[in-house]
Each structure stands twice: as C-alpha cells, then as structure tokens.
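This report describes selected features of one protein model together with its ligand. Please keep the sequence and the structure in view while reading.

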Amino acid sequence: MFQKIASIISNLTLKEKADLLSGKDFWFTATVNGLAKMMVSDGPSGLRKQADSSDALGLNKSVVAVNFPSSALTAASFDRDLLETLGQNLGQAAKAERVGVLLGPGINLKRSPLAGRNFEYFSEDPYLAGELAAAYVKGVQKTGVGVSVKHFAANNRENQRFTSSSNIDERSLRELYLAAFEKVVKTAQPATIMCSYNAINGTLNSQNQRLLTKILREEWGFNGLVMSDWGAVADHVAALKAGLDLEMPGKGLASTEEIVQAVQTGELDEKIVDRAALRVVEMVEKWRPDSDTKVAYDLDKQHLFARQLADDSIVLLKNDQHVLPLDQNRSIAVIGQLASQPRYQGGGSAHVNAYHVVTPLAAIRAAKDDINYEAGYQIDKDQIDHAAEQAAIDLAKTADQVVAFAGFPESFESEGFDKKTISLPDNQNHLITQLAAVNSKVTVVLQNGSAVEMPWIKQVPAVLETYLAGEAVGEATWDILSGQVNPSGKLAESFPIHLADNPTYLTFNADPNDENYHEGLFVGYRYYDKKKQTPLFPFGHGLSYTHFAYSNLKLVKAADQVTVDFTITNTGQVAGQETAQIYLSNKTSQIEKSVKDLKNFVKVLLAPGESKRLSVNLDQRAFSWYNPKLADWQLDNGQYNVVVAASSQDLRLQQTIMTDWAKSRRLHISRDTYLINIMNHSELKAILKTVKLDQLVDQLVSTPGNKAILANMPLRALGMMGVSDQQIEQLISLANQQ
Ligand code: BGC
C-alpha cells in the first residue's frame, strides 16, 4: 500500500499536495485529483457527528448517539476490559455513521481540580490514564475506525489555552505529562495524535519539533498522522517543519497558498509537503469506511452498556451505619433539581445528542411508586430559593431516608474555560446542611465533572459520586442506591478538603501567559503523600457493600520483572468487585522521589466468602525514573517497597525487594566526588588503603556525627585534613582505572 500511495503522491501537483494538508472543512479531509476524503468526529463519550452546521464547541446538534459516562467516571472503573468495550461501542457508532477517525480520548493529566476539561480526562495518575486509554484505543480500532488521541501535550488548563505556555521541568514532563501518551503510542498504535493548543516551555505544540518529531516519532516510534487541534496552528509552515501533518479545520484556499508560496520561495522543502501529504493519504486509505454499505448498530444495546459502565464506575465515598443500600421497605424522599434534570455529560466538543436519557427521578419512580420529590434549589442559581428549600426540608422531616442530588451546573464547568471554585453553589450546600439537621439518613448523590469540596461531609452519613454518568445516569444511580449493583468504582483523582490544599493552588492560572508547574512531580496523591496530608478522599478510594481482606503477599523476581502475588477474600455477605492497587516506593536511591507511585492494578469479582489468588507484574520501566542528564530512563538497583493497597491511603500488604538488573554504571571519580560514594563502594574503598588514607578516614567516621559531615565532603576538601593534593590525585586516578 505504501508504494501505491507514494506513487499517487508523486503524480500530484504541488497545489494538490498542499490542499491535502488542511481539512476541506470542519470535519472532512480534502479531496484532490479523485482521492477519497474522510470524515472525523468527536468524541470521547459518544459520537458527535455534525451532519449540518459545524462547530468545535458542541453548540450545534449532532446525530443521535448513545451518551456514555465521561472519562472522569469511566476511569473510576479501573477496568481495562470495560474501556476496551467502550471503545468498541464508539467504533461501531462511528462506523455506522461513516466516520473514519474518532477524536478522543483526551488523556491529559488532572493537575488542578479547577481545569475546565477534567471531566473529559481520566486521572491525576499517568499509569492509570495510559492503561485505560490504551484499552479504549484498541477497542475503537478493532472495529476498523481510527483514533486521534488528544491533546498532545501538557494541555492542563483551558484559560488562554491557545497561547499559554506550560513550563515544566523535563523529568515531570516525561514521568507525568507524556507518560500516558507514550504508553498509548507504544502499545495501541493510534491512527493519529492531536497536538494541543498550548505551548510547552515557550514553544507552541503545533510547532514543537522536539515534541512532534523527536519524542513522538523518533523515540516512541509513532508512525501515524499528527493533526492539529481545531485552530491550533498559528504558523502553518513552521508547523509542517516541526512534524505536523494535517491542519484542522484549515483556512480554505489561504492554507494552500501559504504552503505553495513557502515551497516556491525556498522557505519550505517540498519533501516535507510530500511527507505530510503521504501521511494524510495513508490515514484516509487505512481508516475510511470501505463502501457505501450501511452498518447497523443497536442503540438500545449500547444504552445498556452505558448503564453497566456507569454501574461499574460510580464511587461510594462514604457509607456510615450502612445507610446504603436504601431500605426499600421504608419511605424515601428524593430531593434536588438534579434528580429530575440531571447533569450527565460535559460541555464543549464532547457534548452528545443523547439517545435516551433516563433521569434518576424517573428511574427511582419506575422502581418504587411512592416516591416524594422536591427540587429544593434551582440548578443554575446560587441564591437560596427559600420556598423551594423549605418544601424540601418539610419533606425530609417526614421521610425515613433522604436522597439529595447535588452537583456543578453546566455553566460551572466546560471545555473552553476553567473553574474558579470547586465548591457547590451556595444554595445546594445550604440545603444539604438543612436536610442533615432534620434527617439522620441523608445520602448525597453528586453529579460533577471533577473534585468537589464537601463542607457538610461530617453531617451526612453517605455520599455517592456519580460524576457525569452518561444517559443511563438514572438507572445506574438507582442500581447502586437500591443495592442491585454493588459499587466498585475507586477515585481516579484526590479530593482535597479545600481547593487551597491542592499543590497547584498557588500557580494555576496565576498568569495569562505562563503556567508554571512548580510542584514538579508532586501532583495529586504524590503531593498529599509527601506532605503527609490527608485529603478529603484519597486517590484510589471507593467503598463497597461488602469487605475485602488481603493476604499472603509473595514477590518473585525474574530476569526482567517482579511478579506480585497476593490473595483477596470477600469477607462480607454480598458479591462484589475490588480493585487492588500496586504502588512502588524506591527506598534507596538519592533522587528526588515520590513516596510511592501506582504501577499496576487489578480488579476482581468475588462471591461472598470467595478468595482468589491474583498475580500482577511490575516491569523494569516501573522501577525506572527519567534522568534528564542521560536523556533516558534510568533503572537503579536497590531496595524497593511493593505495596498492595485498597486505596492510596489504605495500604494492606507490603514487602521489600532488592533489584540488581541495572548494569552498574561506571562511576566517574573527580575532585568533586563525595567521599561517602567511595566508601559505599567496596572496590573503591580498597583504594583508600593503597593511597594510605584508610586510617584517616576510619578515624573520621568513627562517630556518627563525623560520618554525616564526611558524607557531605568532596575529595578536594580533604586538603583541610592534611591530605596532600598528590594523594587526592592518586586516589582519583586509581579509582578511575577500576
Ligand atoms: C477541542 C478538541 C475537539 C475539536 C473538534 C476543539 O475545540 O479541543 O478536543 O476534538 O475541537 O471538535
């Protein structure tokens, strides 16, 4: 195929080739000289194919499609298989609608809870985001539809997203912000990558050669197409040179002319045009729907899957006195306008024209006919509606149990701008406090795209986080409230007590041009761990209607990995799923490091009383860190602690292991080498004797205080102790000969 496409390209005129490098319109690639065109469409949680008037912000209606839960919720499933099935469902819808490439998932890291698009992203943890995204991409692409993974990279805020620069140190960039993309590129080979609007360290991503070519293609081996986010190209010629292939949606004739002119003036090598044109044609040939035959797909079946996905993802945050599942023999009051007008999807390009929305109130009433309901507040207002609130309080007084729906209104969070607060509107917070004062069994059900403050947390016994649960929001919420489904979701992000607790609080959106990532590696749980600070709800937290015991941890070191075996037992009365999280801590290396990092996870279904032996692997990459000085991943030998946990703060089993895989790097000894490094090395230590420094050193280290001082003393400072320059040089020379 490559030969055929190369010969097609060689027969095109410069203008025709230049035409191919921008979209024909909002959603189609260009068509030149009889070559096929192809449609692309959003999005991550349902198809947003706009047949008529087009826009990038979800303003105009698209075809009817099933709206699946947003990634903020699906990530809480910690379930690779479910994400792959989600991908397959999305692929089927795209195929049936003759869309060749789906724009999504967005896999940017959740750095700040204020970021407007957090609902569309998976996690604050790159391992989790990468694993789930890879499964999703594989699922879509199995159906013959391509994926554009977005937004590459470090697009962690919405304000000034077209121009702001994400200023990040190299190690954090590699270990946090690029890691999920790297995983997806290397393991799922997405058809395309979408470069984001922002700059990294001053260079716009659409013109960032290091990002689009050096890292993406040369280091990771990406061989698909790079397209721009919609309108992200500021200088098309510079973008092509950097490695962009397709500008979307394009500026019509102006886009073609600027390229033709640049080639004619010698500013742009025609080979670069050929390369990008080839990639466009390759993408179209590989992913366009093959014929005009209509592919049918079953929307009702997809709706059922949307419900199952939400069922397996919703997170039970708190459940004191077993308030949930609800006692269906006792009265239940439903309160909160979000019960009848739920928020189930995010705003912007992810917005879907949903097939069949079932509200929580409808789902609860379908199951139980004696449900009383009061709105209690108006969603889009902050002010208390006293009459509505009083009616809700009166209802709560008479009910045995209250389910209070609360959440962020859509005007609060969407693509295109960041939030200013993570507090619920005042009227909702006030109502919850009032309800808790008159009823001891209030369950708060949250509908929101990202972490939220809960000033009333101590007053209510139960909280259920449903995020933006998709069109089956009502059915899934009732499945959990009623106990028909045992909750198994776990948070893919930390919930701080106060926004100000978050490590990015001082810097996020502090400057219109520069977003400075001063917190470095300490994002999300990595920060709370290091600060020994307990968040409101930690990363990985989620309760169940049953309990799980962990036992018998066994670590087995093989030639290139560690196998972690352990047992989980369901010790309760009902079947349930548990996600075990495997974290790793580096105990010996001197590098700056987090307390622990998530390196694997496994979800298991257990009947009451059942035990299963589980086995997960930690590969060598899990033990590596990115060393900017080497411009590579570095594997350090040493002692590691392997932790098997039910959440990032609920550690169940731990064991240490020594690794010795890394070939020892030659230690270069200089006058600046610290004496302690020589003493910790048996062969080098022997040289001390040869140069007659052993007695002096032994004497110096004989007390612990001195030893510590010596640890901080370079060889050149030994002169102060009467060591001659000649001895120091001899020591260095012999050591380097070793
Ligand atoms: C968004 C992308 C989206 C594109 C097309 C942009 O505004 O950032 O995520 O795929 O529009 O709708």
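## Ligand contacts

A polar atom in the side chain of Lys150 is 2.9 Å from an oxygen atom of the ligand. Such a pair is a polar contact, defined as two N or O atoms within 3.5 Å; within protein, one atom must be able to donate a hydrogen and the other to accept it, and residues adjacent in sequence count only if both atoms are side-chain atoms. For Arg117, a polar side-chain atom lies 2.7 Å from an oxygen atom of the ligand. The side chain of Glu415 has an N or O atom 2.8 Å from a ligand oxygen atom. The ligand taken alone exposes 310 Å², of which the protein buries 99%; accessible areas come from the Shrake-Rupley method with a 1.4 Å probe.

The model is predicted: local features need pLDDT of at least 70, side-chain atom pairs count only at pLDDT 80 or more, and totals for chains, interfaces and linings use all residues. Residues are numbered from 1 along each chain as its sequence is written, and side-chain values use heavy atoms, with hydrogens and water left out.

## The shell around the ligand

Which residues come nearest to the ligand? Of the 15 residues around it, they are Asp42, Arg117, His151, Asp229 and Glu415; a residue is near if one of its heavy atoms lies within 4 Å. The shell consists of 6 nonpolar, 2 polar and 7 charged residues. Here Ala, Val, Leu, Ile, Met, Phe, Trp, Tyr, Cys and Pro count as nonpolar, Asp, Glu, Lys and Arg as charged, and the others, Gly among them, as polar.

## Domains

An automatic or database domain assignment sets the domain bounds. The protein is divided into domain 1 (2-287), domain 2 (299-531), domain 3 (548-659) and domain 4 (675-737). The centres of domain 3 and domain 4, taken over C-alpha atoms, are 39 Å apart.

## An open sheet

Four strands form an open sheet in the order β21-β20-β25-β26, with antiparallel pairing. Strands are DSSP runs (E, at least two residues), numbered from the N terminus, and two strands pair if DSSP finds at least two bridges between them. β21 (597-606) and β26 (650-659) are the edge strands; each has a single partner strand, so one side of each lacks a neighbour in the sheet.

Strand β20 (residues 576-586) is joined to strand β25 (residues 638-647) by 6 bridges, and Tyr583 has Val643 in β25 as its bridge partner. Between β25 and β26 there are 9 bridges, with Tyr640 opposite Ile657 in β26. β25 and β26 form a hairpin with 2 residues between them.
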